[in-house]
Amino acid sequence: MRPHPAALRLTARGLPRCLATPSPPHVAGAGPAIGAAAPLPLCPAVGDGGRLAGAGWASAMEQGEAASPPGVREEEEDDLGYRLFPDRNKKQQSFLVRSLFTYHNRCQLMLRMTLDTNPYAQLLLEAMKQSGCTVFNDRHFSCENCDGCVSGGFDSATSQIVLCQNNIRQQSHMNRVVTHELIHAFDHCRAHVDWFKNVKHLACSEIRAANLSGDCTLMNEIARFKFGLKGHHQTCVRDRAIRSILAVRKVSKETAEKAVDEVFDACFNDLEPFGRIPHSKTDAKRAYRDFQNRDRYNANL
Amino acid sequence: MAGGGDWRPPRSCEDYWWEWKHCRGLRHAFHHYYAHGALPACDRWRDDYEACRAWERGRAAAAQEALCKSERARVMEKQKYPPVWTLRKSPPPDWYIP
């Protein structure tokens with residue numbers, strides 16, 4: 001089903017495989033993925049030179065065109081981020097081409113591993129099932145080639161999580177992307193989230209996803225050359241949410257910061273369905289256990 | 001709160017023990033400091049564990065009351081902030097449409 005462009009809202013979870021600009025500290029959000037030892041190459045130019053893709057981790061498909069390439073008609077509206085997910089609008093490749101010439105099979109295998117073994121994903125799947133949104137692998141996940149540095153996204157128009165098979169190379173990366181996007185999907189399932197028009201709603205979901213998916217662990221931040229200890233998790237969550245908004249909305253930095261600041265307290269402390277900030281798989285397993293016991297908990301309050 | 005005869009602690013006593021032990025650990029202290037800028041306070045988990053054990057031993061009403069009060073306070077803390085969005089009553093209509 002091809003979504004109407006105006007209805008499409010894709011949050012993208014980019015985990016950096018490349019640097020958007022040669023200045024690492026500025027685009028620290030595009031730092032190396034865990035385990036990457038070599039310095040990252042520059043991102044291939046995407047439309048405006050990769051600036052939006054360099055925002056990396058959470059560029060949504062509703063991309064504002066900050067600088068369109070010369071010779072292209074300047075569009076008044078957001079281009080909705082289609083350029084980061086070019087396969088969304090293309091006919092699906094044949095089975096043979098897909099199997100032999102893309103990383104589709106690898107993506108599917110890693111996805112299956114995540115859904116079967118990762119406690120973060122298992123908790124989210126169970127929570128969504130309880131909310132009436134059972135997730136089916138072949139309906140709600142799609143492994144596709146994406147552009148630039150994007151690692152994944154959530155398409156609210158088709159209720160699909162897009163995974164960038166050409167940018168996700170490690171299982172740990174897949175785990176984090178799936179968790180991040182499942183949090184968006186969970187929010188979409190349980191609440192009337194106005195992805196398209198309400199910046200605060202977008203900010204809230206991004207704050208929650210950055211907070212709960214493990215995006216802002218100390219090791220991840222160090223890998224992005226961002227150093228801090230006391231309360232740094234909140235700084236990271238805030239920064240990543242702001243960058244995500246700027247990547248997907250034609251709003252000023254002040255507007256994005258204001259939106260994030262207004263909803264930060266409420267959304268940082270909204271820990272559904274985990275009930276805690278899971279800093280490790282142990283925490284996630286415990287949260288899953290608490291979720292399974294919630295009937296007893298609620299009945300005996 | 002459920003009726004007196006059917007009531008049992010919201011979590012098992014082993015869970016309270018685990019939470020207390022986990023709260024006191026170095027790893028959790030580090031993560032809490034990293035996330036919130038302060039060290040965690042774990043006494044509540046200890047008090048809840050002791051209340052749970054007291055209830056198991058003698059079905060003490062005071063222990064039950066203390067446990068309920070503590071858990072309700074935890075729930076209220078989570079609801080401190082007004083929600084940003086309206087919750088749905090049913091899932092999105094197009095969730096399953098192919």
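**Note on a two-chain predicted model**

1. At a relative accessibility of 25%, D239(A) counts as partly exposed, because the buried class ends under 20% and the exposed class begins over 50%. All of what follows concerns a predicted model. The side chain of D239(A) meets that of K226(A) in a salt bridge, with 3.8 Å from N to O. This pair links distant parts of chain A: D239(A) sits in helix α9, K226(A) in the loop between α8 and α9, and 13 residues separate them.

2. Chain A as a whole. How many helices and strands does chain A have? Chain A has 12 helices and 5 strands. Of its 301 residues, 60% count as buried. Among the contacts in chain A with a separation of 6 or more, 66% come from residues 24 or more positions apart.

3. Strand β4(A). This strand covers residues 160-164 of chain A, and 5 of its 5 residues are buried, so the strand is largely enclosed by the rest of the structure. Both of its faces are covered: Q160(A), V162(A) and C164(A) are buried on one side, I161(A) and L163(A) on the other.

4. Partners of β4(A). Which way do strand β2 of chain A and β4(A) pair, parallel or antiparallel? Strand β2 (residues 141-144) pairs with β4(A) in the parallel sense, over 4 bridges. Strand β3 of chain A (residues 152-155) runs antiparallel to β4(A) and is joined to it by 4 bridges. L163(A) of β4(A) has a residue opposite it in each case: C143(A) stands opposite L163(A), and G152(A) also stands opposite L163(A). The hairpin of β3(A) and β4(A) has 4 residues between the strands, and in this hairpin S159(A) takes a positive phi near 55°.

5. A nonpolar surface patch on chain A. F95(A), L96(A), V97(A), L100(A) and F101(A) form a nonpolar patch on the surface, and together they have about 590 Å² of accessible area. One of these residues, F101(A), belongs to helix α2 of chain A, residues 95-101. Is F101(A) buried or exposed? With a relative accessible area of 66%, F101(A) is exposed, because exposed means over 50%.

6. Helix α2 of chain B. This helix spans residues 26-36, and its buried residues are H28(B), A29(B), H31(B), Y34(B) and A35(B). Residues three or four places apart in an α-helix point the same way, because there are 3.6 residues a turn. What do the buried residues of α2(B) pack against? In chain A they pack against α8 (218-223), α9 (232-248) and α10 (253-268), and in chain B against α1 (13-24). Just after α2(B) comes G37(B), with a positive phi of about 80°.

7. Salt bridges within chain B. Over all chains the structure holds 24 salt bridges. In one of them, R46(B) pairs with D47(B), and the closest N and O atoms are 3.3 Å apart. R46(B) is partly exposed at 28% relative accessibility, and D47(B) is partly exposed at 38%. Another salt bridge is formed by D48(B) and R74(B), with 2.8 Å between the closest N and O atoms. D48(B) lies in helix α3 (residues 43-58) of chain B and R74(B) in helix α4 (residues 61-78) of chain B, so the pair ties together parts that are 26 residues apart in sequence. Both count as buried: D48(B) has 4% relative accessibility, and R74(B) has a relative accessible area of 14%.

8. A network with members in both chains. Which residues are linked with D48(B) and R74(B) in a network of salt bridges? The network also includes R276(A), D290(A), R11(B), E19(B) and E71(B). E19(B) is found in helix α1 of chain B. E19(B) is buried, with a relative accessible area of 6%. Leaving aside residues up to four places away in sequence, E19(B) touches R276(A), R286(A) and D290(A) in chain A, and R11(B) and W45(B) in chain B.

Note on methods
Residues numbered from 1 in each chain as written. Chains lettered and ligands numbered in written order. Predicted model: local features only at pLDDT ≥ 70, side-chain atom pairs only at ≥ 80, totals over all residues. Heavy atoms only, no water. Buried < 20%, exposed > 50% of the residue type's maximum accessible area, 1.4 Å probe, protein only. Helix = DSSP H or I, 4+ residues; strand = E, 2+ residues; numbered from the N terminus. Contact = heavy atoms within 4.5 Å. Salt bridge = Lys/Arg side-chain N within 4 Å of Asp/Glu carboxyl O. Patch = residues over 30% accessible without salt bridge, like charges linked within 9 Å, V, L, I, M, F, W, Y side chains within 5 Å. Areas by Shrake-Rupley, 256 points an atom, 1.4 Å probe, with all protein chains shown as cover. Pairing = 2+ DSSP bridges.
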